[in-house]
Structures are given as C-alpha cells and as structure tokens.
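This briefing goes through one structure topic by topic. Please look at the sequence and the 3D view before reading on.

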Amino acid sequence: MVDEKIIRDIYELLENRRDNPINSYTSKIMKDSNKKAEDKILEKIGEEATEVIIASKNNENLVEESVDLIFHNLLLLVYKQIPLDDLLKEFEKRNK
Ligand SMILES: N=c1c2ncn([C@@H]3O[C@H](COP(=O)(O)OP(=O)(O)OP(=O)(O)O)[C@@H](O)[C@H]3O)c2ncn1[C@@H]1O[C@H](COP(=O)(O)O)[C@@H](O)[C@H]1O
C-alpha cells in the first residue's frame with residue numbers, strides 16, 4: 001500500500017527545485033521569475049487536462065495522464081508559493 005506521504009515528499013522536492021534550481025525539468029520550467037514560467041506551467045496543465053479527457057474516452061492510460069495533470073497542478077501551486085497544507089485544509093473543509 002503506497003502511503004499518501006508521497007504527495008508531500010514530491011511537493012517538498014518541488015519546493016527545493018524552486019529554491020535551489022538544478023538542471024532538471026521542474027527547475028527549468030519554474031526558473032523564469034516572470035509570467036513566462038507561470039504561462040508554461042498553465043500550458044502544460046491545459047495539455048495534460050486534454051490528455052486526461054482522451055485517456056478517459058479511450059479507457060487507456062487514465063492513471064498516468066491523471067498523475068501528469070495532478071503533478072502539473074502541484075507544480076503550479078509550488079511555483080505560486082502556496083503551501084500544500086492550504087490545499088489539504090480546503091479538501092478537509094469540504095469533507096462533510
Ligand atoms: N512526477 C513527476 C512528473 N510527471 C511528469 N513529469 C514530466 O513532465 C513533462 C511533461 O509530461 P508529459 O507527460 O506531458 O511528457 P511529454 O514528454 O510532454 O510527453 P506526452 O505525454 O505529452 O506525449 C515530462 O518531461 C515528464 O518527465 C514529471 N517530472 C517530475 N516529476 C516528479 O518531480 C520530481 C522532480 O523532477 P525533476 O526536477 O525534473 O527531477 C521527480 O523526482 C518526480 O518525483
């Protein structure tokens with residue numbers, strides 16, 4: 001059973017990639033301090049959302065494409081310096 005701590009581990013890794021850039025995909029996409037970086041991430045979210053729709057209609061790769069979409073949304077939150085706990089608290093608030 002995989003523990004959901006993986007999400008926090010990835011989030012913290014992405015925060016490290018943002019603050020201590022290396023030669024990697026996520027550091028590169030976040031490195032531009034201007035709007036360009038945000039637009040690039042948003043473009044990927046749009047692409048990945050489309051890939052989720054196609055995967056669902058085709059009944060294939062839905063898990064992989066969902067991870068790509070969720071990953072890029074987490075990358076956006078990290079880039080916008082939104083703490084993971086803000087996301088988790090919002091889920092908790094809605095969990096009636
Ligand atoms: N979970 C991911 C993850 N998911 C997807 N991606 C990258 O996101 C990019 C775009 O994903 P796509 O599926 O769109 O890949 P693509 O090449 O465009 O191909 P298509 O699927 O669009 O045809 C690819 O380069 C993937 O490698 C990810 N890159 C990183 N992570 C995590 O983030 C950590 C830090 O990543 P790096 O800083 O790049 O080492 C890694 O250790 C992982 O835990």
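Gln81 sits in the loop between helix 4 and helix 5. The model is a predicted one. The protein chain contains five helices and zero strands, and along the sequence the pattern reads α-α-α-α-α.

- Gln81 has a phi near 60°, which is a positive value in a residue other than glycine.
- Gln81 counts as exposed because its relative accessible area is 56%, and the cut-off for exposed is over 50%.
- Asn61 belongs to the loop between helix 3 and helix 4.
- The phi of Asn61 is also near 60°, again positive in a residue other than glycine.
- Asn61 has a relative accessibility of 44%, so Asn61 is classed as partly exposed.

**The chain as a whole**

- The protein chain has 96 residues, of which 25% count as buried.
- Along the principal axes, the C-alpha atoms of the protein chain fill a box of roughly 35 × 30 × 25 Å.
- Taking contacts between residues at least 6 apart in sequence, 58% join residues at least 24 apart.

**The ligand and its surroundings**

- Which residues surround the ligand? They are Leu13, Leu14, Arg17, Ser24, Tyr25, Thr26, Lys44, Glu48, Glu51, Asp68, Phe71 and His72.
- By type, the residues of this shell divide into four nonpolar, three polar and five charged.
- At least two residues of the shell come from each of helix 1, helix 2 (25-31), helix 3 (35-58) and helix 4 (62-79).
- The side chain of Asp68 has an N or O atom 2.8 Å from an oxygen atom of the ligand.
- For Glu51, an N or O atom of the side chain is 3.2 Å from an oxygen atom of the ligand.
- Tyr25 takes part through its backbone, where an N or O atom lies 3.3 Å from an oxygen atom of the ligand.
- On its own the ligand has 810 Å² of accessible area, and the protein covers 55% of it.

**Helix 1 against helix 5**

- Two packed helices are described by the angle between their axes and by the distance between those axes.
- Helix 1 (residues 5-19) packs with helix 5 (residues 84-94) at an angle of about 145°, and the axes are 11 Å apart.
- On the side of helix 1, the contact is made by Ile7, Arg8 and Tyr11.
- On the side of helix 5, the contact is made by Leu84, Asp85 and Leu88.
- The residues of this contact divide into four nonpolar, no polar and two charged.

- Arg8 lies in helix 1 and has contacts with Leu84, Asp85 and Leu88, leaving aside neighbours within four places in sequence.
- Is Arg8 buried or partly exposed? Arg8 is partly exposed, because its relative accessible area is 32%, and buried means under 20%.
- Arg8 and Glu38 are 30 residues apart along the chain, and their C-alpha atoms are separated by 21 Å.
- Ile7 is another residue found in helix 1.
- Not counting residues up to four places away in sequence, Ile7 touches Leu74 and Leu84.
- Ile7 is at 35% relative accessibility and therefore counts as partly exposed.
- Between Ile7 and Glu60 there are 53 residues of separation in sequence and 23 Å in space, C-alpha to C-alpha.

- Ser27 is part of helix 2.
- Ser27 counts as buried because its relative accessibility is 3%, and the cut-off for buried is under 20%.
- Which residues does Ser27 touch, not counting residues up to four places away in sequence? Ser27 touches Arg17, Pro21 and Ile22.
- The side chain of Ser27 reaches the backbone nitrogen of Ile22 at 3.0 Å.

Technical notes
Residues are numbered from 1 along each chain as its sequence is written. This is a predicted model: local features need pLDDT of at least 70, side-chain atom pairs count only at pLDDT 80 or more; totals for chains, interfaces and linings use all residues. Side-chain values use heavy atoms; hydrogens and water are left out. Axes are lines fitted to C-alpha atoms, for helices over the stretch in contact, and angles run from 0 to 180 degrees between N-to-C directions. Helices (H or I, at least four residues) and strands (E, at least two) are DSSP runs, numbered from the N terminus. Contact means heavy atoms within 4.5 Å. Ala, Val, Leu, Ile, Met, Phe, Trp, Tyr, Cys and Pro count as nonpolar, Asp, Glu, Lys and Arg as charged, and the others, Gly among them, as polar. A residue is near a molecule or strand if one of its heavy atoms lies within 4 Å of it. A polar contact is a pair of N or O atoms within 3.5 Å; within protein, one must be able to donate a hydrogen and the other to accept it, and residues adjacent in sequence count only if both atoms are side-chain atoms. Accessible areas come from the Shrake-Rupley method with a 1.4 Å probe; for residues, only the protein chains shown count as cover. Buried means under 20% relative accessible area, exposed over 50%, partly exposed in between (1.4 Å probe, protein chains only).
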